[in-house]
Amino acid sequence: MSTFKIKTGDTVKVIAGKDKDKEGKVISVDRKKGKVLVEGINMITKHEKPSAANQNGGIVQKEAPIDASNVMYVHKGKATRIGFKIENGKKVRFAKSTGDIVD
């Protein structure tokens, strides 16, 4: 993808998959693989060995990456598409449903 419309910190809604219609905050974005990590979405169970960070180890629940095409930006409580436009010489993101500038 040449331009990535979802950024870290955005609130997104899942539009496809097992967690459809759930919302969460983006933790990280992997531009190379086209994936995003969203709080509380696509939870997996992982068996971890004891380590310095986790003394006991055991079974841990954590988020797994989800494809960026399966999430949509949430603006004013509604999922909307994101576009780009030049405003005052700067490239900014805007919500296509309302035309409001996002950042």
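Is isoleucine 27 buried, partly exposed or exposed? Isoleucine 27 is partly exposed, because its relative accessible area is 36%, where buried means under 20% relative accessible area, exposed over 50% and partly exposed in between, with a 1.4 Å probe and protein chains only. The legends below describe a predicted model, in which local features need pLDDT of at least 70, side-chain atom pairs count only at pLDDT 80 or more, and totals for chains, interfaces and linings use all residues. Residues are numbered from 1 along each chain as its sequence is written, and side-chain values use heavy atoms, with hydrogens and water left out.

**Figure 1. The chain as a whole.** The secondary structure comprises zero helices and 10 strands; helices (H or I, at least four residues) and strands (E, at least two) are DSSP runs, numbered from the N terminus. The radius of gyration of the chain is 16 Å, well over the 13 Å that the globule rule gives for 103 residues, so the chain is more spread out than a compact globule. This radius is taken over C-alpha atoms, and the globule rule is 2.2 Å times the number of residues to the power 0.38. Along its principal axes, the C-alpha trace spans about 55 × 30 × 20 Å. Of the 103 residues, 28% count as buried. The accessible surface comes to about 6900 Å², and 48% of this surface belongs to carbon and sulfur atoms; accessible areas come from the Shrake-Rupley method with a 1.4 Å probe, and for residues only the protein chains shown count as cover.

**Figure 2. The open sheet of six strands.** The strand order is β6-β3-β2-β1-β7-β8, with antiparallel pairing. The strands β6 (66-67) and β8 (78-80) stand at the edges with a single partner strand each, so one side of each is left without a neighbour in the sheet. Two strands are said to pair if DSSP finds at least two bridges between them. Strands of a sheet pair through backbone hydrogen bonds, either parallel or antiparallel.

**Figure 3. Strand β1 and its two partners.** Strand β1 has a covered face, formed by Val12 and Val14, and an uncovered face, formed by Thr11 and Lys13. With β2, strand β1 pairs in the antiparallel sense over three bridges, and valine 12 stands opposite glycine 24 in β2. With strand β7 (residues 71-75), β1 likewise has antiparallel pairing over three bridges. Here lysine 13 stands opposite methionine 72 in β7.

Figure 4. Strand β2 and strand β3 (residues 35-38) are paired in the antiparallel sense over four bridges. Serine 28 stands opposite leucine 37 in β3, while the bridge partner of aspartate 30 in β3 is lysine 35. Four residues lie between the two strands of this hairpin, in which glycine 34 takes a positive phi near 70 degrees.

**Figure 5. The surroundings of isoleucine 27.** Isoleucine 27 is found in strand β2 (residues 23-30). Its neighbours within four places in sequence being left aside, isoleucine 27 is in contact with Thr8, Leu37, Val38, Glu39 and Glu63; contact means heavy atoms within 4.5 Å. The C-alpha atoms of isoleucine 27 and glutamate 39 are separated by 6.4 Å, although the two residues are 12 residues apart along the chain.

**Figure 6. Aspartate 19, in a loop.** Aspartate 19 lies in the loop between β1 (11-14) and β2. With a relative accessible area of 10%, aspartate 19 is buried. Neighbours within four places in sequence again being left aside, aspartate 19 is in contact with Val14, Ile41, Asn42 and Met43.

**Figure 7. Two loop residues with positive phi.** Most residues other than glycine have a negative phi, and most peptide bonds are trans. Lysine 76, a residue other than glycine, has a positive phi near 55 degrees. The place of lysine 76 is in the loop between β7 and β8, and lysine 76 counts as exposed because its relative accessibility is 64%. Asparagine 88 also is not a glycine, and its phi is positive at about 55 degrees. Asparagine 88 is placed in the loop between β9 (82-87) and β10 (90-95), and at 79% relative accessibility it counts as exposed.
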